[in-house]
Amino acid sequence: MGLMPGMELPTGETVKEVRRGGFAEVGVCDDGFGGRKVVKRIKDEVLAKVGEGVLEAFFQECQVWVHRLGGAPPKAHIARAHHAMRRLDDLGPVLYLSYVDGPSLSELIRQGQQSLSQTVRMGAQMASAIAYAHERDVRHRDLKPNNILLTTGNEIQLIDWGLVRAQHATDLTAGVVDYWSPQRRADPLLDDPKDDVYALGVILHECLTGRYPRDLAQLRGDLAAAQPTAQAHVLDLVCQMLAPSPAGRPTAHDVKAMLSATDLHADVLAREVEHAFCRSCGFVAGEARAACPVCESQMYERYATPPREGMVRVPPGIFVHGLTENQARQALMAAGIDSGGQNLKVLAPPDDPPRNVFVPGFDIDVTPVTNLAYAEFVEATNYPAPQGLLADCATRPNHPVVHVTWRDALCYALWAGKRLPRPLEWEKAARGDKDNRTYPWGDVWRDNLCNHIRYPSADFRTTSPVTAFIAGESDGRSLFGVADMAGNVSEWVSHSRETHAKGRDAEARAVCGGGWSDPVAAFGAVSAQRAAEIDFKSESVGFRCAADICYEEREVEVNREGRSG
């Protein structure tokens with residue numbers, strides 16, 4: 001007869017709900033004390049088709065789940081199997097499981113492509129479960145979204161461990177083959193840990209793109225197109241998991257280690273800071289929705305407050321960092337500098353090649369800090385004035401302040417409620433996010449678009465007004481509308497890329513942009529950076545400020561077209 005709603009089981013539970021799949025049926029039961037558990041058995045229709053020989057195989061595999069994986073800790077993300085019974089009246093062998101109160105992954109995927117944050121979170125938990133099982137000589141062999149459940153706390157629980165042999169006896173593999181490795185398709189009885197890894201790779205691809213991987217030759221490109229802000233090593237990992245040869249795939253432990261990294265989770269959340277999210281369970285949506293599909297709570301979204309006066313917004317996203325050797329060589333030649341050897345390595349370091357880099361959103365000053373603005377800071381705080389500030393305020397108040405050290409620049413920025421731009425922020429503001437141009441205005445050096453020592457006019461002997469190159473034929477602003485990113489003054493940034501990456505002298509900082517006294521055709525290239533001691537100051541070094549974007553939160557409201565608003 002099978003499981004029926006309202007049925008009282010001999011073990012004391014009452015069946016409240018019955019769910020049926022191709023092979024088994026599952027009863028959600030009330031234990032009489034306010035708790036829930038699940039009972040699973042083979043469907044009568046399956047027994048009628050293949051006979052009772054499958055019952056013993058089902059029971060033995062249930063025993064594997066109970067005895068090898070039943071003691072798994074919560075962090076293993078394996079659904080708890082309490083006990084298996086060889087026969088429960090006319091129901092045959094049954095397996096009792098803990099109840100999981102959220103949706104299946106297949107339900108989430110049917111609603112659309114998943115966010116990078118949610119995929120990494122789920123991937124780390126799924127890999128944890130698989131690695132735990134592999135360490136105990138258990139392979140899943142039936143990984144698919146229907147067998148991956150989520151609690152309302154957004155925690156993965158993998159089910160149906162070791163039940164695949166009984167299913168093979170029924171020849172019920174429809175929909176499962178999509179998750180099989182090439183080796184498994186050739187040998188359906190294959191029992192290999194790397195086959196589980198392949199299946200997990202298919203699932204992660206499905207989460208990230210909304211579809212199965214079809215063309216392995218286009219795999220990396222498809223992933224990058226669907227998730228343009230994803231870290232390269234995450235996409236590379238998915239591609240490795242789907243390698244045609246098992247030898248090319250990582251172990252489940254390797255996948256777990258990479259996807260569980262704390263800095264990775266912080267990074268992906270920063271990349272999707274403007275995605276809708278659930279305060280209750282931490283779900284991050286791929287597209288705006290009013291209700292959380294995991295716990296049904298209200299979803300929220302962050303919205304940015306406008307940038308402060310005199311600043312421009314640089315949105316979060318990918319840009320091209322670095323110069324190619326050809327770009328560096330052309331810049332050096334334009335500056336009349338030898339384009340080989342060490343000079344080339346300074347502009348195009350071999351250990352820092354051009355690549356796509358994600359930078360969180362930020363605000364940056366449209367122009368360098370002027371003499372007038374810095375004088376207001378000096379007056380308000382009694383801070384020591386740099387050389388010539390008083391005279392410069394009287395004769396050229398809208399020129400950039402100079403003779404400031406890194407500490408001077410930082411103190412001003414903190415007083416103004418801002419900070420110094422990070423190197424990658426400065427570079428992105430100068431280059432933009434549309435191409436890999438060499439200069440703020442484009443690929444080719446043009447000597448009339450910034451203030452430099454070879455400027456073809458006698459208008460400027462040293463610095464120039466910060467608004468001198470923002471209009472007409474002399475407009476040298478970047479794609480984001482930021483002025484003076486090449487020439488006029490070199491600008492302090494928060495740290496040196498080299499110091500930050502390699503842990504070198506803590507007293508070393510860097511300047512970018514090239515000042516009026518420099519060969520700006522070379523030093524004004526958007527990626528050029530020169531080391532400078534923390535107390536260095538010069539008549540051609542100034543600074544500008546940056547600030548983090550301020551976000552506020554509001555409930556997501558989705559209109560009839562499905563857009564948030």
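Which residue stands opposite Met311 in β13? Asp365 does. This is a predicted model, where local features need pLDDT of at least 70, side-chain atom pairs count only at pLDDT 80 or more, and totals for chains, interfaces and linings use all residues. Residues are numbered from 1 along each chain as its sequence is written, and side-chain values use heavy atoms, with hydrogens and water left out.

Helices (H or I, at least four residues) and strands (E, at least two) are DSSP runs, numbered from the N terminus. Two strands pair if DSSP finds at least two bridges between them. Met311 belongs to the pairing of β10 with β13 (residues 362–365), which is antiparallel and has 4 bridges. These strands sit in an open sheet of 3 strands, ordered β10-β13-β18, with antiparallel pairing. Its edge strands are β10 (311–314) and β18 (546–548), and each pairs on one side only. Neighbouring strands here are turned by 25° against each other on average, direction ignored.

Helix α17 packs on this sheet and touches β10, β13 and β18. Contact means heavy atoms within 4.5 Å. The direction of α17 makes about 70° with that of β13. Axes are lines fitted to C-alpha atoms, for helices over the stretch in contact, and angles run from 0 to 180 degrees between N-to-C directions.

How many of the 9 residues of α17 (residues 423–431) are buried? The count is 8, so the helix is largely enclosed by the rest of the structure. Buried means under 20% relative accessible area, exposed over 50%, and partly exposed in between (1.4 Å probe, protein chains only). The buried set is Pro423, Glu425, Trp426, Glu427, Lys428, Ala429, Ala430 and Arg431. Just after α17, Gly432 takes a positive phi of about 85°.

**Other strand pairings**

A second open sheet has 4 strands in the order β16-β15-β14-β17, and its pairing is mixed. β16 (529–533) and β17 (541–542) stand at the edges with a single partner strand each, so one side of each has no neighbour in the sheet. β14 and β17 run parallel. Strand β9 pairs with both β8 and β19.

| Strands | Sense | Bridges | Residues opposite each other |
|---|---|---|---|
| β14 (residues 490–492) and β17 | parallel | 2 bridges | Ser490 and Val541 |
| β9 and β19 (residues 551–555) | antiparallel | 5 bridges | Arg302 and Glu553 |

Most residues other than glycine have a negative phi, and most peptide bonds are trans. Glu296 has a positive phi, near 70°. Its place is in the loop between β8 and β9. Glu296 counts as exposed, at 69% relative accessibility. Asn488 also has a positive phi, of about 70°. Asn488 is found in the loop between α17 and β14. Is Asn488 buried or exposed? Asn488 is buried, with a relative accessible area of 0%.

**Helices α14 and α16**

Two packed helices are described by the angle between their axes and the distance between the axes. For α14 (residues 371–381) and α16 (residues 406–415), the axes come within 11 Å and cross at roughly 80°. That makes α14 roughly perpendicular to α16. Angles under 35 degrees count as roughly parallel, over 145 as roughly antiparallel, 65 to 115 as roughly perpendicular and the rest as oblique. From α14, Ala373, Tyr374, Glu376, Phe377, Ala380 and Thr381 take part. They meet Asp408, Cys411, Tyr412 and Trp415 in α16.

**Cysteines**

The structure holds 0 disulfides. A disulfide is a pair of cysteine sulfur atoms within 2.5 Å. Cys545 is buried, at 0% relative accessible area. The sulfur of Cys29 is 15 Å from its closest cysteine sulfur, in Cys62, which is also too far for a bond. Cys29 is buried as well, at 0% relative accessibility.

**Around Glu13**

Cys29 is among the contacts of Glu13. Glu13 lies in the segment before β1 (14–20). Glu13 is buried, with a relative accessible area of 7%. Its side chain makes a polar contact of 2.3 Å with that of Thr11. A polar contact is a pair of N or O atoms within 3.5 Å; within protein, one must be able to donate a hydrogen and the other to accept it, and residues adjacent in sequence count only if both atoms are side-chain atoms.

Terms used. Lists of a residue's contacts leave out its neighbours within four places in sequence.
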